[in-house]
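Please look over the sequence and the model shown here before reading on. The report is written to be read beside them.

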Amino acid sequence: MVPILRDLLESIVEGGLAKGASFCEVRYFEERSSGIGVENGVAKVLSSGILRGIGVRVIVDGRWGFASTNVVTKESAEKALTDAIGCARSITAYSGEEARIIEVEPSVDSIKHEVKINPEDIDPEGKVKRVLELEKAARGFSDRVKDVFVNYRDVLTKVAVCNSLGTFVEEIAPRILISCRVIAKEGDNMQEGYERIGNVAGYELIENISAEDFSLKAAKRAVDLLGAHPPPRGMYTVVVDPKVGGLFVHEAIGHNSEGDLVFSGGSIISDKMGQKIASDLVTIIDDPTRDSYGRFTYDHEGVRARPHTIIRNGVLVGFLHSLESAAKLGGKPEGSARAQSHHYPPIVRMSNTYLAPGDMSLEEILEDVDVGVYLSGSQYGYVESEKGQFTCKVEEAWLIRGGEFTERLRDVAVSGLTLEALKNITAVGRDLKVEMPGMCGKSGQSMFVDAGAPHFRIDGIVVGGRR
Amino acid sequence: MSGVDIFTPVEKAARLLSKLDVDFYDVFASFSRTLSISILGRGIREAYSRVDVGIGVRVFKNKGMGVAFSQSLEDTDVEATVKKAVGFARAAQPDPYFKGIPGPSKAPEVSGLCDSAIVHLTLEEAGGFSKEMIDAAERVRGGATFFGGFGASHARGYLVASTGVAVEVEKTLASAYIQPIYREGGDVGSSYEFDYAVSLSEIDPHWIGRQAAEKAIAQFGSRRIESGFLPLILLPEASASLFSSLLSALSGEAAAKGRTFASNTLGKQIGPEDLEVLDDGTIPGAIASSTYDGEGVPKKPLRVVEKGRVLSFLHNSYSAGIMNVKSTGHAIRGGYSGNVGAGPSNIRVKPGDSALDEIISETKRGILVQNASFSPNMVSGEFSTTIDEGFLVEDGVKKHPVKNLMAGGHILDLFKNIEMISKEGRTFGKGHFFPAVKIKDVKLSGK
């Protein structure tokens, strides 16, 4: 961090206290990104962008105020402080949710996630060549492959947090994400395959990718889905792979454990702390220190990130906390508050969320299933957390009969009720994988996260189908 | 901050680009100011103020495209952004479908797109809007916790292209949303209501709060129902996703390159004779209106579906080039980040001749769908979706809310099976209009 910038952030915090704020936080955010879009063998577009600015958050008279600007000057930052204080004062006349935070020990630290190969050291032509290699493998897979798209993006994010608790932390994190989308066609039937790989890493991640684990996989799935059948409909026992399991963990329980949803009455588990809410086989952890896409060292309130257990052996033992939710719910903040950029205040977010492994093999999980559905690959999901109703859309599936995979299925989505589904987990595998790098949306903000699970089995899940 | 100069940086970038060996370029800068109030838990939680500026440059060389953007309008950053975009355009490969970018056209101004009440809105007034939504919900029934908010923004933009296009845009937007959550023992009653508009006077916070509370209370006592084939009656909030998905699938590059479920529907019958869909980006004061599209092409009304038959795609210049037709003025520019896609503007579905009450009363057994997304897989058109909020209808009477119920099928089958279109509907943002539709024999997965 340039010392002059640190001086600026500290002077704004001091100014905030002098103007009557009981808490003041100033966050500098910078994101440099570059991307390549390849379509059917042509690197059509190369792009880059720089986001940069300051966000100021205050508590004045028990209310939150927040203001942000893209202009990183003393004058502009002072204006943002004045606006943030004005924001808080503007709502003091209205009743509502009181703003308060837990006081934590201040942190002073500087973190830089090192990489082997800095993406900025690779020239655009070199990156294009590598992305084209990966794309070509998918295009050559079958004459039924109609279109292949590979998108590459590297992002270097710098965040500095300075607050009136005495915290000053800065963190520089590189991230890389590459995705491959394949459309296969046979007559009027068109199907898609999708793969993505990402992590907190340098360009070495791209150099080490093999087409077999990436673009060829997407192509194979798209082509295989051409011969798949629509799923049966009704309630089934389902066996989920690590990606669908990750999506389930994220949607069904992860969001419900976010402290801000809990204290505001938006979570189905808000009154269940210490209670048995899942089967004994279920332990769910959110770990920002794990080497996955959602990794960071300090959150955007400057709190050191630590692994936190949400459910241990079926019992709800923890929520994810911001300084505010910890104060309101009596918990301990362990680094779960993050913001998309300087234009947004930090809110409670998951990081790398997963179901802890059990001791079964996939064969053992399947062998008791008379009729069921195996779900593989996640597309998207969402949850109505207040009702505890979740939906997960998966990429492909198989009908299970007598413990064996039979028909391949496509366009499968499942829906369930969180509290029922958690209790109906009847088998958990030992093959944990956290390989679902992506962005999670909440309250208009998008954030880097990852999720995973071993294979596991849930009874009584509604499978949406066409027959 | 409303005095931020976006014209000088755009002209500087254009001047620099005009001296370089490139084939085409466009430069777009924007400034926006947003005020918002968030509602959480017992009421108003937080107030925000945000000022956002940025500049984006698209450069084309030998049919390859380079894009760069910056949130700083300082001279050195504008120069760096131009340099980066030019370097990228030279490193990109020729896109055989690229035929150029549009030239200048003159169009009559679409009026009523900037509301001075929003331009001069104070945070206190924004807080008052939010409070009114909460109070209206509380008057229906007290004791809820809430999610929601109110936001208002004022944005200005300036687009200049190497072809001579020079377009200024200015627009305001207000939006309000509230979700009350009531609890009774182990049961939850929750729903939401929202509205958005160009003008503040179009938003009625009292109506939004009251509607949200009444809808939330109606969700108590939800039950699972059996799997089966039943008709769905989609209320306008749910039919909106059906029609929006169709128009998105008829838009731009993906449609023109045969990559959506609607790519091969051009000229074909997809629904009943009384199904008509118009896209009109020229409605004064409407949410998706503008004088020009994101590439400076004048907006015009476009008949998309008539007598149940698809008449046209929605093109930007790129997709129009693929099909050797003219752009229909549907380019959508995603702010200053430089991305230009294509999509619908105000979608207007022609009302039918059945009253919604009659549609319900004539239904022996079916599901009245209040909230659900019928957005399918855009490539295959297949969908499988949860009915987020719906009611079982039996013998013409709304019985009870349903839960854990999914609908599945192909979106084109939904259009084909439209049986009735209501004469009432909902206008969103003074532009979109969606009626209720009844669709026969939809496959449902329940208990």
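This is a predicted model: local features need pLDDT of at least 70, side-chain atom pairs count only at pLDDT 80 or more; totals for chains, interfaces and linings use all residues.

## Domain layout of chain A

Chain A falls into two domains, with domain 1 spanning 3–226 and domain 2 spanning 234–464. The C-alpha centres of domain 1 of chain A and domain 2 of chain A are 22 Å apart. To their contact, domain 1 of chain A gives 51 residues and domain 2 of chain A gives 40 residues.

## The interface between the domains

The size of an interface is often expressed as the accessible area lost when the parts come together. For domain 1 of chain A and domain 2 of chain A, the area buried between them is about 3800 Å², and 51% of it lies on carbon and sulfur atoms.

Seven salt bridges are found by the rule across the interface of domain 1 of chain A and domain 2 of chain A. R221(A) also forms a salt bridge with E395(A), where the closest N and O atoms are 3.1 Å apart. Between the two domains of chain A, 27 residue pairs are in polar contact, counting pairs with both residues at pLDDT 80 or more.

## The domain 1 side

Several elements of chain A each supply at least two residues of the side of domain 1 that touches domain 2, among them strand 1 (23–39), strand 2 (42–60), strand 6 (168–186) and helix 5 (215–226). Strand 7 of chain A provides the largest share of that side, nine residues. Sorted by class, this side of domain 1 of chain A holds 21 nonpolar, 15 polar and 15 charged residues.

## S34(A)

S34(A) sits in strand 1 of chain A. Its relative accessibility is 15%, so S34(A) counts as buried, the cut-off being under 20%. The side chain of S34(A) is in polar contact with the side chain of K127(A) at 3.5 Å. Leaving out residues up to four places away in sequence, S34(A) touches K127(A) along with S47(A), S48(A), Y152(A), R153(A) and D154(A).

## I181(B)

I181(B) belongs to strand 5 of chain B, residues 166–184. I181(B) counts as buried because its relative accessibility is 2%.

The residues touched by I181(B), with those up to four places away in sequence not counted, include G265(A), G266(A) and E386(A) of chain A. In chain B, I181(B) touches A144(B), T145(B), F147(B), V188(B), G189(B) and S190(B). A144(B) is 37 residues from I181(B) along the chain, and their C-alpha atoms are separated by 5.2 Å.

Terms used: Residues are numbered from 1 along each chain as its sequence is written. Chains are lettered from A and ligands numbered from 1 in the order in which they are written. Side-chain values use heavy atoms; hydrogens and water are left out. Domain bounds come from an automatic or database domain assignment. Contact means heavy atoms within 4.5 Å. Buried area is the accessible area (1.4 Å probe) that two parts lose on being put together, summed over both. A salt bridge is a side-chain nitrogen of Lys or Arg within 4 Å of a carboxyl oxygen of Asp or Glu. A polar contact is a pair of N or O atoms within 3.5 Å; within protein, one must be able to donate a hydrogen and the other to accept it, and residues adjacent in sequence count only if both atoms are side-chain atoms. Helices (H or I, at least four residues) and strands (E, at least two) are DSSP runs, numbered from the N terminus. Ala, Val, Leu, Ile, Met, Phe, Trp, Tyr, Cys and Pro count as nonpolar, Asp, Glu, Lys and Arg as charged, and the others, Gly among them, as polar. Buried means under 20% relative accessible area, exposed over 50%, partly exposed in between (1.4 Å probe, protein chains only).
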